[in-house]
Amino acid sequence: MAGAVVEAHQEESPTATAQAASRRWWSRWPEWSSYLAVAWSLLYGLAGLYWALGGEGYPFRKTADDRASASILEPSSASVVAPVIAVFCAVGALVGALMIRGWGTAWQRKALLAYGWLSVCVLTFLVPDYSLLGLLVFSPLLLVFAFTGVPGNQTLGDILYWHRGNPVIVFVGGLLWAAMTLAYQRRTSGQCGRCGRGAVAAAPWTEAATALRWGRWAVWTAVISTLPYDITRLAWYFGWPLGISDAFLKDMRDTPYMLEIGLGLGIVSTLGSLLTHGLVSRWGEVWPRWVPVKRGKRIHPATAIVPASIVSVVLIPGGLMNIRGYDAAMPGTNGPGMFWLVWGAALGVATYSYYLRRRGGCRYCGQGQRLSTL
């Protein structure tokens with residue numbers, strides 16, 4: 001009997017070991033994300049120094065209109081902005097190293113956190129543009145084009161070029177800085193580095209029932225904020241120049257697939273708003289009956305939290321870009337996109353509500369009621 005138990009344990013151990021290793025890797029995000037944030041700051045800072053010294057490839061220079069980004073830094077001179085990038089990243093690398101060491105008195109920690117969260121806002125929301133959202137929406141097509149080629153006289157290089165790729169690099173740096181700053185904030189305030197729970201009792205608004213109430217408000221705010229974009233694209237497709245001139249509508253009609261792409265994006269937006277209801281609905285926690293294989297099983301929280309978090313974050317720089325580019329003469333062009341800022345913020349709040357209700361217990365600090373595993 002004992003031998004059979006040992007043998008069965010040996011047969012199961014590779015899978016169990018792999019799962020445990022995966023948990024150990026992901027659970028160490030406060031450590032590895034901090035080192036990656038410092039490494040990113042050093043590398044991008046060196047790039048800034050290279051551009052300041054006259055090196056090629058400065059990503060915010062004036063370029064052709066069809067390859068320009070809508071970043072707040074473009075167009076700008078390398079002799080002015082590149083040194084600022086180098087200094088900003090050098091200070092960031094030093095601040096990151098101090099965060100990793102847990103350095104600082106009370107007021108020094110506040111200064112480090114202020115610099116950290118300021119860097120997160122600049123890198124994640126202010127410098128990037130709508131490129132992130134475009135790449136996310138069209139990523140399935142880009143994957144197909146990688147194997148079939150781009151239709152027409154184009155290549156992937158005509159779609160994925162340096163001025164469009166650089167905002168993604170900056171955005172990734174912002175995410176790494178957010179993880180490092182959050183880890184430092186939790187570590188220096190007595191909170192669990194993994195789940196954020198502290199030694200004191202949780203605030204009433206984080207309780208499941210309360211989180212569900214304000215989560216519903218966030219969901220409806222997110223859904224309503226998609227309507228201006230969806231309605232205008234639908235109107236244009238059927239020939240109504242809502243918020244634009246007749247000449248502009250004619251130009252879009254004369255451009256192959258332009259109106260069809262707009263309609264498709266409006267449909268994707270509508271479907272996304274419908275999926276948002278899953279964050280406060282039963283079918284967002286248990287797979288519906290019409291889903292093969294998975295029906296009736298519990299949905300792992302990360303299945304909803306990860307994609308919803310990504311979408312919420314990439315919507316915000318797109319919304320800020322539309323605010324900067326708003327044209328009062330044709331409000332239908334950038335006006336609906338301004339609501340992406342509200343959409344992203346509301347979706348983020350709804351996702352956080354979903355996380356609070358489904359996070360379960362923490363295997364590291366032991367707080368909370370642990371959910372059953374899948």
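## Where helix 11 meets helix 12

Pro336, Gly337 and Met338 in helix 11 touch Trp340, Leu341 and Val342 in helix 12, contact here meaning heavy atoms within 4.5 Å. Helices (H or I, at least four residues) are DSSP runs, numbered from the N terminus. Helix 11 spans residues 331–338 and packs on helix 12 at an angle of about 15°, their axes 5 Å apart. That makes helix 11 roughly parallel to helix 12, a label for angles under 35 degrees. The axes are lines fitted to C-alpha atoms over the stretch in contact, and angles run from 0 to 180 degrees between N-to-C directions. The contact residues divide into five nonpolar, one polar and no charged; Ala, Val, Leu, Ile, Met, Phe, Trp, Tyr, Cys and Pro count as nonpolar, Asp, Glu, Lys and Arg as charged, and the others, Gly among them, as polar.

## A note on the model

This is a predicted model, in which local features need pLDDT of at least 70 and side-chain atom pairs count only at pLDDT 80 or more, while totals for chains, interfaces and linings use all residues. Residues are numbered from 1 along each chain as its sequence is written, and side-chain values use heavy atoms, with hydrogens and water left out.

## The bend in helix 5

Helix 5 (residues 131–148) bends by about 65° at Ser139, with Pro140 following within four residues. The bend is the angle between axes fitted to the seven residues ending at a residue and the seven starting there.

Which residues of helix 5 are buried? They include Ser131, Leu132, Leu133, Leu142 and Phe145, buried being under 20% relative accessible area with a 1.4 Å probe, protein chains only. The buried residues of helix 5 pack against helix 6 (162–188), helix 10 (301–324) and helix 12 (340–358).

The largest nonpolar core has 25 residues, and Tyr44, Met99 and Trp177 have the most contacts inside it. Such a core is a set of buried Ala, Val, Leu, Ile, Met, Phe, Trp, Tyr and Cys residues joined through side-chain atoms within 4.5 Å. Helix 2 (29–52), helix 3 (78–101), helix 4 (106–126) and helix 6 each supply at least two residues of this core, and the largest share, seven residues, comes from helix 3. Apart from this core lies another, of 22 residues, among them Phe171, Val223, Tyr229 and Ala304.

Leaving aside neighbours within four places in sequence, the contacts of Trp177 include Ala37, Val95, Met99 and Tyr115.

Methods: Buried means under 20% relative accessible area, exposed over 50%, partly exposed in between (1.4 Å probe, protein chains only). Angles under 35 degrees count as roughly parallel, over 145 as roughly antiparallel, 65 to 115 as roughly perpendicular and the rest as oblique.
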